[in-house]
Amino acid sequence: MALGIHCSILQIVGFQNSGKTTLMEKLITRAEQEGLKVASIKHHGHGGVPDNDSSSKDCIRHNKAGAIVSSVIGGGVLQLSAKVDNWNLKEMIELYNVFPLDVIFVEGYKKECYPKVVLIRNERDLSLLYSVTNILCVISHIKLDKKILKDHQVFQLDQEKLYIDYLMKEVV
């Protein structure tokens, strides 16, 4: 999971209202408690420029949870007071390299290749398992058929201690 010399990257993906930001907060809080320097990147996937909507609020939630750097990008605007044209996740991570970080948690960017946690709310969300790569684990709101998920580490949403512990071992 390491990108640079010492910085791990973990993506959290799922459809809207699947719990991505909540999971990000929990991971950031735990990593910060363990003495790690944490950053977050959120993809504003709803189109347009991020403003005072939930994306901006999510970055504030990430900062309050302990991230030393957080950002949201959408519609050609990076919310670090810099205007950018079509930055991709790789460029964002390169920007973050100026900070002394141990881990970057990324919310969204389903098509990128970093290790991913896939959040499943309902059976329709199972399509994500076939459209994303590099799945580290699945966290599900519902009981799922074990045959479908035989290739993945699966946790139920209420197994929070188990999956937080598992994910922290992966990023350290």
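Helices (H or I, at least four residues) and strands (E, at least two) are DSSP runs, numbered from the N terminus. This is a predicted model, in which local features need pLDDT of at least 70, side-chain atom pairs count only at pLDDT 80 or more, and totals for chains, interfaces and linings use all residues. Residues are numbered from 1 along each chain as its sequence is written, and side-chain values use heavy atoms, with hydrogens and water left out. The protein has five helices and nine strands.

**Confidence**

- pLDDT is the predictor's confidence in each residue, from 0 to 100.
- Its average over the protein is 84, and 85% of the residues score at least 70.
- Residues 1-5 stay under 50. For this stretch the model has 13 contacts (heavy atoms within 4.5 Å) beyond four places in sequence.
- Where pLDDT is low, the predicted coordinates should not be read in detail.

**Overall build**

- From the N terminus on, the order of elements is β-α-β-α-β-β-β-α-β-β-α-β-β-α.
- Take the contacts between residues at least 6 apart in sequence: 58% of them join residues at least 24 apart.
- Of the 172 residues, 48% are buried. Buried means under 20% relative accessible area, exposed means over 50%, and partly exposed is in between (1.4 Å probe, protein chains only).
- The protein exposes about 9,000 Å², and carbon and sulfur atoms supply 50% of that area. Accessible areas come from the Shrake-Rupley method with a 1.4 Å probe; for residues, only the protein chains shown count as cover.

**Nonpolar cores**

- A nonpolar core is a set of buried Ala, Val, Leu, Ile, Met, Phe, Trp, Tyr and Cys residues joined through side-chain atoms within 4.5 Å.
- In soluble globular proteins, nonpolar side chains tend to be buried together.
- The largest core here has 24 residues. Leu10, Ile12, Leu23, Leu27, Phe105, Val117 and Ile139 have the most contacts inside it.
- Strands E1 (8-13), E6 (103-107), E7 (116-120) and E8 (135-140) each supply at least two residues of this core, as do helices H1 (20-33) and H5 (160-171).
- Ile12 touches Lys20, Leu23, Met24, Leu27, Val106, Glu107, Gly108, Val117 and Leu119, not counting residues up to four places away in sequence.
- Another core, of 16 residues, lies apart from the largest one. Leu78, Met92, Ile104 and Tyr109 are among its members.

**Helix H3**

- H3 covers residues 89-96, and its Leu89, Met92, Ile93 and Tyr96 are buried.
- These four lie on the same side of H3, because they cover an arc of only 100 degrees around the axis. The arc is that of the directions from the helix axis to the C-beta atoms.
- An α-helix has 3.6 residues a turn, so residues three or four places apart point the same way.
- The buried residues of H3 pack against E1, strand E2 (38-43), strand E3 (69-74), strand E4 (77-78) and E6.

The contacts below leave aside neighbours within four places in sequence.

- Ser18 lies in the loop between E1 and H1. Its relative accessibility is 1%, so Ser18 counts as buried. Ser18 is in contact with Leu119, Arg121 and His141.
- Thr21 is in helix H1. At 10% relative accessibility, Thr21 is buried. Its contacts are Lys42, Asp58, Arg61, His62 and Glu107.
- Thr21 and Arg61 are 40 residues apart in sequence, but 8.2 Å apart in space, C-alpha to C-alpha.
- Ser140 is in strand E8. Ser140 counts as buried because its relative accessibility is 0%. Ser140 is in contact with Ile120, Phe155, Gln156 and Leu157.

**Positive phi angles**

- Most residues other than glycine have a negative phi, and most peptide bonds are trans.
- Tyr109 has a positive phi, near 60 degrees. Tyr109 sits in the loop between E6 and E7 and is buried, at 10% relative accessibility.
- Asn134 also has a positive phi, of about 55 degrees, although it is not a glycine. Asn134 is in the loop between helix H4 (128-131) and E8. With a relative accessible area of 43%, Asn134 is partly exposed.

**Cysteines**

- The structure holds zero disulfides. A disulfide is counted for a pair of cysteine sulfur atoms within 2.5 Å.
- Cys113 is exposed, at 52% relative accessible area, whereas Cys137 is buried, at 0%.
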